[in-house]
Number of protein chains: 2
Amino acid sequence: MPPTFDMSLIQRGARLRRSPYFDATLAAGCRSYTVYNHMFLPTRYDDLEAEYEKLLTGVTVWDVSVERQVEITGPDAFAFTNMLTPRDLAKCAVGQGKYVLITADDGGIVNDPVLLRLGENHFWLALADSDVLLWARGVALNSGLDVNICEPDVSPMQVQGPKSKEVVRRLFGDEVLALRYYWFLETELDGIPVVVTRTGWSGEVGYEIYLRDGSRGVELWDRVMDAGRDLGITPTGPSDIRRVEAGILNYGIDMTLDTNPYEVGLGWQVDQGQEADFIGREALARIAAEGPGRLLAGVEIAGAPLDLNMTRWPVRGGGTAGGNGEAIGFVTSAVYSPRLGRNIGYAMVPAGLAGMGTRLSVSTPKGEREATVVPRPFVDPEKEIPKS
Amino acid sequence: MPPTFDMSLIQRGARLRRSPYFDATLAAGCRSYTVYNHMFLPTRYDDLEAEYEKLLTGVTVWDVSVERQVEITGPDAFAFTNMLTPRDLAKCAVGQGKYVLITADDGGIVNDPVLLRLGENHFWLALADSDVLLWARGVALNSGLDVNICEPDVSPMQVQGPKSKEVVRRLFGDEVLALRYYWFLETELDGIPVVVTRTGWSGEVGYEIYLRDGSRGVELWDRVMDAGRDLGITPTGPSDIRRVEAGILNYGIDMTLDTNPYEVGLGWQVDQGQEADFIGREALARIAAEGPGRLLAGVEIAGAPLDLNMTRWPVRGGGTAGGNGEAIGFVTSAVYSPRLGRNIGYAMVPAGLAGMGTRLSVSTPKGEREATVVPRPFVDPEKEIPKS
C-alpha cells in the first residue's frame, strides 16, 4: 500500500508562474493549488463534493489561466496548424473552435487543446499540460512554412454550471446566448478585451472567458463574481468527479505521448479522408488497420467510496479471484460519483479485456477491489459533449 | 505588497509523476515538494539554512529524478545532437559530459541540460524544467536525419558536499575518484545499473548517480544512505542559497525561452568557430555583434535578511531615491547568504545599468530596498564550476 501523501507537503514553488487571477483566488480562500504548464492551478476552495454540487446546480468560476495559448499566425498559419492535428481544419470556420488532438509522428498524443480559429491564418491552441510551444516551434523549423508561433498574453477562466448562461448574458448581452457549442465571440467588458467561448471541461452548460490583457485579471474576476452574486456564483477548481462522469479525459494521465487516439476512444478525431497531410497520418492509418492492442475502458470499482486517484493503480484480469496474477494494465483516473453512488473511472487494459462486463481486479490503497468494464460516459450520454 | 502565500496551499497533484525514490523521500521525512517536468521534486526536509550547512560541511543526497533524460540514438545521433546546441560536440569524447544550452532559432534558451556522451551516437540530455522531448522530436521531423529520440528509464540523484567523495568511493571504488569534472563512469552496484558523473548543482564537490532501473530506486537510495551513515549523510533539497552563491542559474526563472545566452552570461557556450551548423546560429551571431540589450547582473540587496524569492520583484534605476520611477527590470532570484551576511541575487536590467557598482532599487515584500550591481559568482570564484 503506498504511504499516505499529505497535502501540506508541497511547497510554494516560487519559480512557478502565477495567473492574472492569482491574487483574487487567494483572497477568495483557495485552499489548494497544483502545477500545470509551469504555473499554479487552483484546485479547490472547499470540499470536492461540495464544489461538485455547486457545479451541478448553480454556477462556478475556475481560474484556468494554465490553459496557456500557442498562437499561430503568418501566411502559412492554416497549412501549418492543419498539419499539427488529425482533424480537418478546412471544416473549421473563422469564429469557430474545435476540440483537437496534437499528434506526433508515431501517432502518440502530444496534447488535446481547444483550438480557436480567430482568422483565416490566426489560431489559438488552449493547451493541456505539455510544452506545445516547443513542439510547434520545433516542427516549424524545417517545415518550409512561413509562420509565427508564440505564447500570447491570454488567460482563460471557466464559468460552468446551469446558471452560467445568465451570468454571461448579464456580462456580454444576448448575443452570447446565440453561440453554438464551440463557437466564440470577440468582445470586451468596459474595455477589458476578451474572447467568450461556449466550451468547458465539465459536461454542464458552460463558457470560457479568455482574458487578453493580463494586467486586468483581478478586475475581470471581480466583474464576473459581481454579475453572479445573487445566483450564488462560487469559485471552485475543475471537478474531476464531473469530468469523469462525462467521460472527459485528463491529459498527462488518461492519455499521454505514449498513447494514441484509438486507444483512448478518440479515433473519431482522425480524419483520413482529408486531402492535407498531417503529422502521424501514416502511423495512425496502420494502427486503425491493425486495431489498437489496448484500450482505455470505463470501469466501475466495487466497494466503499474511494478518494480521487490518478496514480495508476495496477489492474489484473479475472476479477478478485485473479488478483494474484501479473498486472495487465492500470487505472488512470478513479473517483466516487455521489449521484451514481458508485466508484467510476478508466482502466488501460489489453483490447481483449475491454469488452463490456469483463471482470477485473484493481489494487487500491483500500485493498484489492473487483471492477467491471462499463460504457462511458457514465451519466446522461445524451447531454454529453458533442463531437465538435 | 503581494499576499502571503502559505505552503500548505498546494495539493497533492495526483496526476503528477512520482520518482523511483519517492517512497524513500517520504519515509525520510520530506516536508515539501515542488513540481518539475510533470513530476514531484523534494525541496526540503529541514530548515533551508540547516540543509545549506550540511552541504557546506558534510554530504547531502537529493532526489533529482525530475532531471528527466532525453536519449538520442541512431546513425545520425551525433549530427542531430550537435545541431541542438551552440557548443561544439566534436570536443566531447565518449565518456565525457558537458553543460550545454539548447537554443531555439531566435537564440532563446529552450533548456540547459547536462549532456552525457555514452557512445559515438548515443547521448543523454539531463533536463531542466521544459519538454525538450517534444522540442527534439519536432526538430527531428523534417531534419532528414535518422535518429531515435525517447525518454529512457533513467533517474538521477545528487550526492553533494565535501564528504561526497568518500561516499562514492565506498560505493563504487577508487576508480570513481579519478573522474575529471563532467566525466562519467558506467557501472553497477550489486546489479543495480548506474552511471556515476562528477557533476552537480551546488558549487561543492559532488557526484550524480543516474539509476538505470526505476524498479530499484528505494534499494539504491538505501545503499547510498548506508554508505554515508557514519559521515552524517542527510537527504536535502537542492540548495538555492548555495547555487546563487556559486552564480548558477535556475532555468524557468533566471533564464527562459525569452532570454538568450548573451543576456545571462552564458555567451561562452556559443562556439561560432565550429564547422557544423546549429539551431540559432544566425540569430546568436547577430546578437553577439550588436551586443545584448539587457543583462542578468549580480546584485546585493541592502537591509535585513530576505526570504528566498523567485517571483520577479520590480527593479528601478537610481537607488532608492529613484524608487518612484518606472520599473526597468526585475530580480529573478534573491536569497540571504548566511556566510556572506548579505542578500544576493540576479537582476535582469538594461545593459547600461549592469555596470559594477550601479545603484538600483528593488520592490520587495519588505519594502523598497537599495541594490548594487556586483560581480558573480558571489563566493570563492576560484572554486566555482569550470566552464566544461
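Mentor: Before we start: buried means under 20% relative accessible area, exposed means over 50%, and partly exposed lies in between. Keep in mind that this is a predicted model.

Trainee: Thanks! Why is Arg339(B) called partly exposed?

Mentor: Its relative accessible area is 37%.

Trainee: What makes the contact of Glu245(B) with Arg339(B) a salt bridge?

Mentor: The closest N and O atoms are 2.7 Å apart, and the cut-off is within 4 Å, so the pair qualifies. Glu245(B) belongs to helix H7 of chain B, while Arg339(B) sits in the loop between strand E18 (329-337) and strand E19 (342-350), so this pair ties together parts 94 residues apart in sequence.

Trainee: Why is Glu245(B) called buried?

Mentor: Its relative accessible area is 0%. Buried requires under 20%, so Glu245(B) counts as buried.

Trainee: Helix H7 has another pair, Asp240(B) and Arg243(B). What makes that one a salt bridge?

Mentor: Here the closest N and O atoms are 2.8 Å apart, and the limit is 4 Å, so the pair passes. The two residues lie three apart, about one turn of the helix.

Trainee: How do you know that Asp240(B) is buried?

Mentor: Its value is 15%, and the threshold is under 20%, so the answer is buried. Arg243(B), at 0%, is buried too.

Trainee: And what makes Arg316(B) and Glu368(B) a salt bridge?

Mentor: Their closest N and O atoms are 3.9 Å apart, which is within 4 Å, so the pair counts.

Definitions and conventions. Residues numbered from 1 in each chain as written. Chains lettered and ligands numbered in written order. Predicted model: local features only at pLDDT ≥ 70, side-chain atom pairs only at ≥ 80, totals over all residues. Heavy atoms only, no water. Salt bridge = Lys/Arg side-chain N within 4 Å of Asp/Glu carboxyl O. Helix = DSSP H or I, 4+ residues; strand = E, 2+ residues; numbered from the N terminus. Buried < 20%, exposed > 50% of the residue type's maximum accessible area, 1.4 Å probe, protein only.
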